[in-house]
Amino acid sequence: MPDYVIVGGGSAGCVLAARLSEDPDLSVVLLEAGPPDTDRYIHLPVGFFKMTSGPLIWGYETAPGRAIDGRTMVYPQARVLGGGSSINAQVFTRGCPQDYEGWATDDGCVGWSYAEVLPYFRRSEGNDTFAGPQHGIDGPLGVSSGAPHPLTRVFVRAAQQAGLPFRADFNAGQQEGTGFYQTTTRNGKRSSTVVAYLKPALGRKNLTLRTDAMVSRVVVESGRAIGVEIIVGGRTELLRAEREVIVTAGAIGSPKLLMLSGIGPAAHLAAHGIKVGHHLPGVGQNLHDHMDVDVIAELNGPHGIDRYKKKRWQAVAGLEYALFGKGPVASNIVEAGAFWWGDRTEKTPDIQFHFLPGAGVEEGIGSVPGGNGCTLNSYHVRPRSRGSVTLRSTDPREPPVIDPNPFAERYDIERAVEGIEISREILSQPAFAKYISREHLPGAATKGRAALEAFAREHGRSAYHPVGTCRMGSHSDSVVAPDLRVRGLQGLRVCDSSVMPRIVSSNTNGAVIMIAEKAADLIAGRGQPPAQETHSSGNVECGGKYLRA
């Protein structure tokens, strides 16, 4: 009987399996519903755009959004070893220190302040460029600064012309400005948590990995989780855990599994005929996500990466990668971006931007006339709208009802409009003048805030950053305590993006890896790594004007 059973081989699960199995006296089993990470597109940084459909995702679709004209959205969530770290765009950001201060002070997450989580960011990170008190250089997770595409460099210059200061490092305690993203890559390949953490650990006798193993429920007896039921090849089997069951199935999968196990809102469980084992009303609530809106420009020539949609250029790129490990195949495409203000009353930037030197790369975005374009997307980093994950049926193979409830709060749609306006201003700067022929979406005819709001409601899409459905904290609606134990039960923890009480002001994968690193110490009863000196995170004035100041 293993000491720990980890349910979900995603970003967090792989980290936990590797860290807990470092103790040879502990035994660990990691369960993943999907297949191993053998698809070649996983390991090519450019391959992420292939991952928003196909057999390596769950194929989720959201409920009709009341504030987006009843639209549904595709909602890609990984169904493969490595989870989001195997299919995401590899942008490595942490959020700002104030995010974690809010967790600790406002949400009752004692032990999760920035000074207390920074050592875990550092421990995870093997950065090839930055060092010092904010960065790790020897950690398992490869973090790289690549060679940006020439058009990406044009974007960074244009953003500076629009008034944003250059920011060399978005992960040094301050985010405001424009610059080049660091990525979770190493030597021209994706550094997923499978590659970085799990595979080096799989030779240990005390670690067992089982893929293609769907967990149907956590088994609870007398207020304690004793194991899980697994469906393998149509059979159900019970796998017991001597110490704990740790659920790492993500912001959609974790609440779904808890509810199927009789843990959640009593009325909702009873409505599905599930025996209520533990009434916990917060399970599945507090779902929120970043809502992307894309501005796309038509280029006047093959200045970006769209040329590589043609077979002969693909052959050139493939040869360059095979010979030198460089070129478009080694790029995550999303090489630069920015953080800036829509609402200047906010203490830290509230809008994030990603620039792509191509069009039609992301899910749901078509190409442009002439075939050559570029994309600048933006989202409000601290959305106020909240949704839910609820059960559709008691069949574990059925997807749950996913309702992010985007733009339900007026404040959120106003920030989306400001993101579009800032994107337009950047793309209209002199640096882009000799490359851009016209705006494709929303298009020059779309003017005024009302028209831009309608555009955002019609075209907004998920940034694939769902969080919050098993929120951590000390309040009555919290699902897990700050030590990640499920409230009111023994032997059961949750550790993934679902425990974030509020989303971080950036991409989420780096924060999930940090959560798992810290969880490993909490579970094993180890003290945390020593804290390092941190830099001030206050706002800094800069030369040039503040855009929209």
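Trainee: Which residues lie nearest the centre of the second largest pocket, and how many residues line this pocket?

Mentor: Please keep in mind that this is a predicted model. As a general idea, rolling a probe the size of a water molecule over the atoms shows where empty space is left. In this structure, the second largest pocket is lined by 20 residues, and those nearest its centre are Gln98, Asp99, Glu346, Arg382 and Arg502. The space in this pocket comes to about 470 Å³.

Trainee: Which helix gives the most to the lining of the second largest pocket?

Mentor: Helix 4, residues 97-105, gives the most, with five residues.

Trainee: How much space lies in the largest pocket?

Mentor: The largest pocket holds about 1200 Å³ of space. Its lining has 47 residues, and Val46, Pro328, Val329, Ala330 and Ser331 are the closest to its centre.

Trainee: Which helices and strands each supply at least two residues of that lining?

Mentor: They are helix 2 (40-43), helix 6 (150-161), strand 7 (182-183), strand 8 (185-186) and helix 10 (311-324). Helix 10 provides the largest share, namely five residues. By type, the lining of the largest pocket divides into 21 nonpolar, 16 polar and 10 charged residues.

Trainee: How many cavities of 30 Å³ or more does the structure hold?

Mentor: A cavity differs from a pocket in that the probe fits inside a cavity but cannot get out, whereas a pocket is open. This structure holds three cavities of 30 Å³ or more. The second largest cavity has a volume of about 150 Å³. Among the 15 residues lining this cavity, Asp289, Met291, Pro383, Pro406 and Phe407 are the closest to its centre. Its lining comprises eight nonpolar, five polar and two charged residues.

Trainee: Let us turn to burial. Which residues of helix 12 are buried?

Mentor: A residue is called buried when its relative accessible area is under 20%. In helix 12, residues 449-459, the residues Leu452, Glu453, Phe455, Ala456 and Arg457 are buried. Their cover includes strand 18 (291-299), helix 11 (410-427) and strand 24 (436-441).

Trainee: Is Gly139 buried or exposed?

Mentor: Gly139 has a relative accessible area of 9%, and it is therefore buried. Its place is in the loop between strand 4 (125-127) and strand 5 (141-143). If neighbours within four places in sequence are left aside, the contacts of Gly139 are Arg123, Ser124, Glu125, Gly126 and Arg186.

Trainee: How far apart are Gly139 and Tyr464 in sequence and in space?

Mentor: The two residues are 325 residues apart in sequence and 26 Å apart in space, taken from C-alpha to C-alpha.

Trainee: How many bridges join strand 12 to strand 13?

Mentor: Six bridges join strand 12, residues 224-232, to strand 13. Within this pairing, Val232 stands opposite Arg235 in strand 13.

Definitions and conventions:
Residues are numbered from 1 along each chain as its sequence is written. This is a predicted model: local features need pLDDT of at least 70, side-chain atom pairs count only at pLDDT 80 or more; totals for chains, interfaces and linings use all residues. Side-chain values use heavy atoms; hydrogens and water are left out. On a 1 Å grid over the protein atoms alone, a cavity is a set of points where a 1.4 Å probe fits but cannot get out, and a pocket is an open set with protein on both sides within 12 Å along at least five of seven lines; lining residues have an atom within 4 Å of a point. Grid points are joined across faces, edges and corners, and a volume is the space filled by probe spheres set on the points. Helices (H or I, at least four residues) and strands (E, at least two) are DSSP runs, numbered from the N terminus. Ala, Val, Leu, Ile, Met, Phe, Trp, Tyr, Cys and Pro count as nonpolar, Asp, Glu, Lys and Arg as charged, and the others, Gly among them, as polar. Buried means under 20% relative accessible area, exposed over 50%, partly exposed in between (1.4 Å probe, protein chains only). Contact means heavy atoms within 4.5 Å. Two strands pair if DSSP finds at least two bridges between them.
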